[in-house]
Amino acid sequence: MNGWQTLLYKEVLRFWKVSFQTIAAPVLTAVLYLLIFGHVLENRVKVYDSISYTAFLVPGLVMMSVLQNAFANSSSSLIQSKIMGNLVFLLLAPLSHWAWYFAYVGSSVLRGLVVGGGVFLVTVWFADLSAEAPLWIVVFGVLGAALLGSLGLIAGLWAEKFDQLAAFQNFLIMPMTFLSGVFYSIHSLPAFWQGVSHLNPFFYMIDGFRYGFFGVSDVSPWLSLMIVGLALLAAAGVALNLLRTGYKIRS
Amino acid sequence: MPAISFQSVSKDYPLARGAKGASFRALDNVSLDIEEGEFFGLLGPNGAGKTTMISILAGLSRASSGRVSVLGSDVQADYAAARLKLGVVPQELVFDPFFNVREALRIQSGYFGVRNNDAWIDELLESLGLADKAHANMRQLSGGMKRRVLVAQALVHKPPVIVLDEPTAGVDVELRQTLWKFIAGLNKQGHTVLLTTHYLEEAEALCGRIAMLKAGRVVALERTSDLLKAASSHVLRLKIDGELPADLAPLARVTGRIVQFAAHDVREIEGYLAAVREAGLVVEDVEITKADLEDVFIEVMGGRRTSGGGES
């Protein structure tokens with residue numbers, strides 16, 4: 001293995017060794033959401049014609065798990081290494097900023113997809129679900145995880161203590177995922193909040209991902225692809241630049 | 001080509017927020033060449049800039065001005081080549097709690113692009129007395145064992161230049177012996193070694209050449225033997241029953257009731273004895289010994305002696 005592959009391997013091994021916390025727990029959380037919201041809302045909320053609420057909910061929960069875990073992976077790994085001081089082993093190695101980026105984001109994508117896959121495998125039994133356009137599922141799953149992995153990298157570099165990272169996660173990532181249409185179609189919102197939702201990049205990831213299952217969505221999947229793609233390019237650009245200049249890791 | 005080269009290196013750290021534009025100069029125009037195969041000691045009190053120099057050399061920190069290179073490779077412009085030639089044992093006792101010793105060493109090898117490194121890893125484990133700990137998790141190791149792993153991690157890619165930043169701080173006697181035997185062996189095989197330490201007797205025993213840093217400047221740079229030769233030749237060691245008067249205290253090295261004065265000749269020794277008697281102190285024990293590196297260090301740091309040709 002060369003340098004970046006080793007770092008990728010190490011990052012995957014890191015979350016795999018604590019998989020109860022990094023994989024099983026988020027799967028269980030998502031299943032609880034499905035059971036509770038599905039039970040309460042199944043016969044009260046109608047989102048799209050001919051699609052049950054539970055079926056509507058499953059892709060949203062899968063994508064939400066993908067995104068949250070991709071973010072958690074790179075950000076928590078970095079801040080732990082910074083606080084433990086063992087980031088020095090990487091800093092002493094001849095790894096380029098590209099190597100850091102691909103390893104940290106690659107492992108985040110992998111963790112996001114593993115958790116998302118787990119959520120899907122468990123929840124799919126509760127809903128009648130088909131995959132109308134499977135390629136879109138893969139594209140949005142991977143791009144969304146890469147975007148959140150990149151944001152996690154930025155947050156992990158920026159944060160100096162766990163508290164700051166928790167603030168980033170709880171006040172930015174969590175509200176944006178919850179308000180992105182995981183639990184509802186934004187068409188059910190008043191016009192003003194629909195407009196606000198359109199400013200949220202997380203909405204396009206969920207909406208595009210859902211299109212892959214139902215072949216219907218709130219906006220065109222091509223528009224979603226463009227927005228998610230641009231957001232990923234921007235986040236990757238920022239992350240790579242921070243790594244190149246050694247932001248907060250090389251004095 | 002020097003193994004390590006510092007050319008007019010300065011490092012300024014910005015002071016805390018609020019003090020606009022103000023900065024602290026940790027290194028002030030340091031120039032220093034270390035030749036291949038040397039065992040070189042970098043000494044100085046806390047805050048003198050030793051770790052800053054090593055951080056810049058290792059790429060953990062950037063010089064504000066000047067150039068640093070390892071065997072001809074610039075540590076910034078050509079960082080990958082420079083880091084491949086360099087093995088650094090960091091001062092802090094850091095470890096990754098997710099892995100056992102062998103995993104940590106395999107991963108570190110991989111970062112340097114070294115594949116199938118198990119034969120060399122086994123050799124390192126054996127030489128450092130870690131063979132029976134290969135499968136122990138890093139968390140379960142004692143401080144001394146963690147220190148050995150840090151040494152092994154620095155050497156996985158067989159670097160020609162080895163840097164040890166206070167490797168024996170807080171380490172027991174046995175490990176210090178093992179460690180020095182091992183490092184001295186590597187030096188004999190041709191590796192260049194740069195060492196910082198607080199234990200001056202270690203530097204005296206191991207280092208062929210020594211640089212002393214004070215407040216970010218090199219204040220002495222000589223062969224260890226020349227440093228010792230040029231120092232005050234004798235040390236007057238007294239055991240006294242009270243405190244030294246204010247005019248004598250700054251000249252002495254005081255350890256509890258034992259005070260030591262550096263002296264060049266017999267007349268100086270007599271002078272000190274007379275001054276002590278005059279102060280009304282009772283001398284319980286007198287000894288005259290040869291100066292060691294610690295005496296030189298105190299002289300240099302006290303500004304009573306400066307670097308260059310040797311004499312002052």
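In this predicted model, α6(A) passes α9(A) in a left-handed crossing. Helix α6 of chain A covers residues 134-158 and helix α9 of chain A covers residues 201-214, and the two pack at an angle of about 155° with their axes 6 Å apart. Because angles over 145 degrees count as roughly antiparallel, α6(A) is roughly antiparallel to α9(A). On the α6(A) side the contact is made by P134(A), W136(A), I137(A), F140(A), G141(A) and G144(A), which meet M205(A), G208(A), F209(A), Y211(A), G212(A) and F213(A) in α9(A). By class, the residues of this contact between α6(A) and α9(A) are eight nonpolar and four polar, with no charged residue.

The contact of α1(A) with α5(A) divides into 10 nonpolar, three polar and two charged residues. The table sets out the two pairs.

| Helix pair | Angle | Axis distance | Crossing |
|---|---|---|---|
| α6(A) and α9(A) | about 155° | 6 Å apart | left-handed |

Turning to chain B, four strands form an open sheet in the order β2-β1-β4-β5, with antiparallel pairing. The edges are taken by β2 (23-34) and β5 (73-74) of chain B, each of which has a single partner strand, so one side of each is left without a neighbour in the sheet. Within the sheet, strand β1 (residues 4-14) of chain B and strand β4 (residues 65-70) of chain B run antiparallel and are joined by five bridges, and F6(B) stands opposite V68(B) in β4(B). Helix α1 of chain B (residues 50-58) packs on this sheet, where it touches β1, β2 and β4 of chain B, and the direction of the helix makes about 110° with that of β1(B).

At the level of domains, chain B is divided into domain 1 (4-227) and domain 2 (232-301), and the C-alpha centres of these two domains of chain B lie 36 Å apart. Their contact takes 10 residues from domain 1 of chain B and seven residues from domain 2 of chain B. On the side of domain 1 of chain B that touches domain 2 of chain B, the elements giving two or more residues are α7 (200-206), β9 (209-214) and β10 (217-223) of chain B, and α7(B) gives the most, with three residues. That side of domain 1 of chain B has eight nonpolar, no polar and two charged residues.

Between the chains, 21 residues of chain A are in contact with 24 residues of chain B. On the side of chain A that touches chain B, α1 and α4 (88-91) of chain A each supply at least two residues, and α1(A) gives the most, with six residues. The residues of that side of chain A divide into 11 nonpolar, six polar and four charged.

Conventions. Residues numbered from 1 in each chain as written. Chains lettered and ligands numbered in written order. Predicted model: local features only at pLDDT ≥ 70, side-chain atom pairs only at ≥ 80, totals over all residues. Axes fitted to C-alpha atoms, helices over the stretch in contact; angles between N-to-C directions. Parallel < 35°, antiparallel > 145°, perpendicular 65-115°, else oblique. Left-handed = near helix turned anticlockwise from the far one by under 90°. Contact = placed C-beta atoms within 7 Å. Nonpolar A, V, L, I, M, F, W, Y, C, P; charged D, E, K, R; others polar. Domains from an automatic or database assignment. Pairing = 2+ DSSP bridges.
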